[in-house]
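Here is a short briefing on one chain.

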Amino acid sequence: MRGNILIAGLGLIGGSIALAIKRAHPNATMIGYDVSDESLRLARSLGVIDEAVSSFAHGACEADVIVLAAPVVQTEQLLRDLVHLSLRPNVIVTDVGSTKERIVKQALPLLEKGATFIGGHPMAGSHKSGVAAARAHLFENAFYILTPTEHVKEEDVIRLKHWLEGTKAHFVTLTPKEHDRIAGVISHFPHIIAASLVHQAQQYEREDELVSRLAAGGFRDITRIASSNPEMWRDIFIHNKEELLQLFDRWIEEMKKIRTYVADGDSERIYQYFHEAKQFRDGLPVRTKGAIPSFYDLYVDVPDYPGVISEITGYLAKARISITNIRIIETREDIYGVLRLSFQTEDDRQRAKHCIEANTNYETHVV
Ligand SMILES: NC(=O)c1ccc[n+]([C@@H]2O[C@H](COP(=O)([O-])OP(=O)(O)OC[C@H]3O[C@@H](n4cnc5c(N)ncnc54)[C@H](O)[C@@H]3O)[C@@H](O)[C@H]2O)c1
Ligand SMILES: O=C(O)C(=O)C[C@]1(C(=O)O)C=C[C@@H](O)C=C1
């Protein structure tokens with residue numbers, strides 16, 4: 001399709017949406033706006049946008065689709081600004097914010113003015129931020145929540161999905177309230193747990209500096225998201241306050257319960273607690289991205305000698321297989337270590353397995 005797409009907020013998500021739209025609609029003109037000139041310049045030089053505008057109003061008035069991709073409190077302000085602008089008659093305004101109730105409420109004056117606003121939230125991302133981390137495939141297989149109100153025509157929802165088809169995401173319609181309740185449980189509250197574990201470790205570190213040096217795989221896995229953009233998360237916690245307060249109360253009760261089992265040395269209940277959690281966690285869908293990101297991991301048993309990683313990555317580079325993540329786990333002296341390589345697709349994982357097996361004697365495993 002042809003048209004002008006304004007992306008306001010050229011970070012990880014705005015940049016990835018721009019790339020995904022361009023992938024499916026190469027004739028569309030991607031226009032970028034950001035409060036940071038540096039992000040705007042970078043987006044232009046990386047080819048994420050075709051044109052940069054220095055004023056939101058200027059870009060908005062020329063746009064057929066407006067994607068608001070700033071942190072959620074900023075998105076509210078952008079929605080207030082839009083009400084005073086003369087927009088194109090068929091413009092669709094959407095956002096990518098991690099919360100929906102306050103944003104959709106803020107868009108009501110726009111809807112009353114006759115413009116179309118469809119709340120959106122692509123449920124995939126990363127702890128990285130900024131346009132340099134943007135990828136066209138970020139949302140592939142992820143759920144993309146849309147929250148159209150009753151004011152919105154079905155044909156406009158179809159038109160928006162058509163614009164966004166390059167994301168290769170699965171669209172799901174929810175009410176804003178439903179969205180915020182679910183996102184609170186599986187995305188927002190886990191974030192506070194990750195951050196609080198890091199704070200706890202930091203406090204213990206003051207007593208013993210070995211704490212951070214010994215922080216191993218489990219701690220790093222569960223706290224990865226604590227490295228995310230604090231501004232984005234501050235705004236999410238301001239927006240989804242009511243749901244999060246309920247989650248804090250339920251979590252405190254949960255901690256009291258398991259604390260009692262531990263204090264009582266109740267081995268049966270402690271076992272059951274972990275067993276039930278494992279069963280539910282193992283039953284989560286693994287091949288679709290969602291709040292739980294999926295990885296196509298390949299484990300390689302490698303001897304513990306310098307240069308082994310570059311040896312393996314060298315073979316993969318030669319075969320033009322891209323690795324999305326690489327990590328050594330469980331290395332101890334004198335024994336084999338395990339290298340975990342992550343890929344974007346099952347096809348890449350299988351090609352990597354064959355490539356490593358063809359070039360080395362190392363054992364590979366898919367778990
Ligand atoms: N990071 C994730 O995993 C993720 C996933 C899904 C949705 N989201 C949502 O996407 C939005 C963007 O998050 P991100 O991860 O891309 O953040 P980011 O920090 O990578 O990018 C945000 C960009 O918005 C710009 N910005 C800030 N205020 C602005 C304003 N008033 N006008 C225009 N630009 C402005 C910043 O300069 C920055 O370039 C947030 O609302 C977030 O809740 C994030
Ligand atoms: O994978 C991560 O790093 C994320 O935090 C992504 C994540 C999530 O909680 O799953 C974060 C916020 C978004 O609104 C959607 C996705």
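Axes here are lines fitted to C-alpha atoms, for helices over the stretch in contact, and angles run from 0 to 180 degrees between N-to-C directions. Contact means that the C-beta atoms of two residues, placed from the backbone, lie within 7 Å. Helices (H or I, at least four residues) and strands (E, at least two) are DSSP runs, numbered from the N terminus.

This is a predicted model: local features need pLDDT of at least 70, side-chain atom pairs count only at pLDDT 80 or more, and totals for chains, interfaces and linings use all residues. Residues are numbered from 1 along each chain as its sequence is written, and chains are lettered from A and ligands numbered from 1 in written order.

**Domains**
- The assignment (automatic or from a database) gives domain 1 (3-174), domain 2 (179-282) and domain 3 (296-365).
- Domain 2 and domain 3 have C-alpha centres 31 Å apart.

**Helix α8**
- α8 bends by about 55 degrees at G184; the bend is the angle between axes fitted to the seven residues ending there and the seven starting there.
- Its buried residues (20 or more other C-beta atoms within 10 Å of their own, C-beta atoms being placed from the backbone) are H179, D180, A183, G184, S187, H188 and F189.
- Their cover includes α5 (101-106), β6 (116-122) and α12 (241-263).

- An open, antiparallel sheet of 4 strands runs β10-β11-β9-β12; pairing takes at least two DSSP bridges.
- β10 (325-329) and β12 (364-365) are the edges, each with a single partner strand, so one side of each lacks a neighbour in the sheet.
- β9 (residues 296-302) pairs with β12 over 2 bridges; Y299 has H365 as its bridge partner in β12.
- Helix α15 (residues 346-359) lies across β9, β11 (337-343) and β12, at about 15 degrees to β9.

Notes: Buried ≥ 20, exposed ≤ 12 C-beta atoms within 10 Å, placed from the backbone.
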